[in-house]
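The stops below proceed from the whole chain to single residue pairs.

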Amino acid sequence: EKNLFLAADVGSYKASEFKKLPVGGFDSELRRPLDEFQFRTALHWYYWRNIGVLTLLYKHDVIEKNPDNPTDPRINREIHLETQFRF
C-alpha cells in the first residue's frame, strides 16, 4: 500500500510594457504588472486510506523589484502543515 505522494510545480509571469494605453487619461493610473517566478513542492501523507491526509507545503515566490514601493518584499517563502479528513 502506498501512502506518500510528492508533488511539485513551477511557474512564472513575464510582464511587458503597455503597447496602447486607453484614451481618457487613465495612463497615470495604470502600472505595469511585476514579473514573478514561483515554485511549490508538497508532500502528502495518506494516514488513513484516502480520507485522512497530512500535507507539508513549501512555496517560494520571487517578485521583481517594485519601482513604486521599494520596501515591498521581493522574496516570499511559506511553509504550511495542513491536515484533512474528507468525507
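Two strands are taken to pair if DSSP finds at least two bridges between them. Strands are DSSP runs of E with at least two residues, helices are runs of H or I with at least four, and both are numbered from the N terminus. The model is a predicted one, in which local features need pLDDT of at least 70 and side-chain atom pairs count only at pLDDT 80 or more, whereas totals for chains, interfaces and linings use all residues. Residues are numbered from 1 along each chain as its sequence is written, and side-chain values use heavy atoms, with hydrogens and water left out.

**The whole chain**

Of the 87 residues, 13% are buried (under 20% relative accessible area; exposed is over 50%, partly exposed in between, with a 1.4 Å probe and protein chains only). With contact meaning heavy atoms within 4.5 Å, 49% of the contacts between residues at least 6 apart in sequence join residues at least 24 apart.

Select strand β1 (residues 4-13) together with β2; the two pair in the antiparallel sense over ten bridges. Within this pairing, select L6, whose bridge partner in β2 is L43.

Which residue stands opposite H44 in β3? It is T55. Follow the chain from β2 into β3 to find a hairpin with three residues between the strands; R49 in the turn has a positive phi of about 50°.

**Aromatic pairs**

Now show the aromatic side chains. Rings of Phe, Tyr and Trp (its six-membered ring) pair if their centres lie within 6.5 Å; planes under 30 degrees apart count as stacked, over 60 as edge-to-face and the rest as tilted. This rule gives three aromatic pairs. One of them joins W45 and Y47, whose ring centres are 5.7 Å apart with planes at 50°, so the pair is tilted. W45 is partly exposed at 37% relative accessible area, and Y47 is partly exposed at 35%.

Move to W48 and F85. Why does this pair count as stacked? The ring planes stand at 25°, with the centres 5.8 Å apart, so the pair is stacked. W48 lies in strand β2 (residues 36-48) and F85 in strand β4 (residues 75-85), so that the pair links parts of the chain 37 residues apart. Both ends are partly exposed, W48 at 40% relative accessibility and F85 at 44%.
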